[in-house]
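I set out to look up aromatic contacts and strand pairing. My entries follow the structure.

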Amino acid sequence: MFKKLPFILMTLSFVLVLAACGSNNNAGTEGSASNGSGTATEGAAELSGNILAVGSTALQPLVEQAGQKFMAVDEYKNVTVQVQGGGSGTGLTQVSDGQATIGNSDVFAEEKLEDEAKAKELIDHQVAVVAIAPVSNKDAGVTDLTKQQLIDIFSGKITNWKDVGGADQAIVIVNRPGSSGTRATFENFALGTKVEDIQGSIQEDSSGTVKKLVSETPGAIGYLALSYLDDSLTVLKYEGVEASVENVEAGTYPVWAYQHMYTKGEPDAATKAFLDYMLSDEIQLTDVKELGYIPVSGMKVKRDATGAVTQ
């Protein structure tokens, strides 16, 4: 019995050591889980990257404002968001070619990109709805135009405001270039057809410049997103219907489009964080509405890439 005692004590010691190691390993595992959680937090805090969003000038004010707020969040302080205009076609082309992180567009990629394979590479993130309203210089003397009157004006058949009940004043067209998603939306849903550029018309892709030109040029007519409208212009009704948020949501005002932020494939961590932020209540319920856009969630109708509208 006494001879076996050292062996028993040694065995007991070995068991205790193993138990202690197991305890330490468990503690290590728990520590790892805790550290893992901490690492995730630290990782979020250390999220970094450069995001370049290019394209639609109709969407530009929202992305710029949201970008500034995003960069002010401590969690994203190492992420830089740059926003440039240039039109929807430019945005889609640049994101497709890898020159931009995000392509901002008023139209579906498959509507604008001729290469179907390139369009399919892009992932659509719909962040808002924009309505486009025809606008005129305040001295034109008109408050409402029909679809046919707009077609005749933008195709050059009507050249004086007196022919549509306004002042005896020559009409000056302020149009957008062919790459513009705003132009595509206006032609598709206000005119129902593409029109050729009229000699003597002004082409300008910057919505801010269009607003300035129409407000300051006698006889001018153009079209702008609701986010650019103010008392410096006359906002024209379309077929007697006002371009209001309520009318767009209900589907009674037809000149509207989704605001798309396209990425080439799945976005990286920083870009995904920004896109998620764009869709958060913090942006959707404040900035989107304040700037004259419409949250997608508020729409009672849907529109697909062919232009078909469903309830």
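Over the face of which residue does Arg303 lie? I find Arg303 over the face of Phe189, at 3.6 Å from the ring centre. I also note the charged end of Arg303 over the ring of Trp256, 4.2 Å from its centre. Here a charge sits over a ring if NZ of Lys or CZ of Arg is within 6 Å of the ring centre and within 35 degrees of the ring normal.

On provenance, I record that the model is predicted, that local features need pLDDT of at least 70 and side-chain atom pairs pLDDT 80 or more, and that totals for chains, interfaces and linings use all residues. Residues are numbered from 1 along each chain as its sequence is written, and side-chain values use heavy atoms, leaving out hydrogens and water.

My search of the whole structure returned 9 aromatic pairs (ring centres of Phe, Tyr and the six-membered ring of Trp within 6.5 Å; planes under 30 degrees apart are stacked, over 60 edge-to-face, the rest tilted). Phe186 and Tyr223 form a stacked pair, with 4.1 Å between centres and 5° between planes. Phe186 belongs to helix α7 (residues 181-191) and Tyr223 to strand β9 (residues 220-225), so this pair ties together parts 37 residues apart in sequence. Helices (H or I, at least four residues) and strands (E, at least two) are DSSP runs, numbered from the N terminus. I find both Phe186 and Tyr223 buried, meaning under 20% relative accessible area with a 1.4 Å probe, protein chains only.

Definitions and conventions. Buried means under 20% relative accessible area, exposed over 50%, partly exposed in between (1.4 Å probe, protein chains only).
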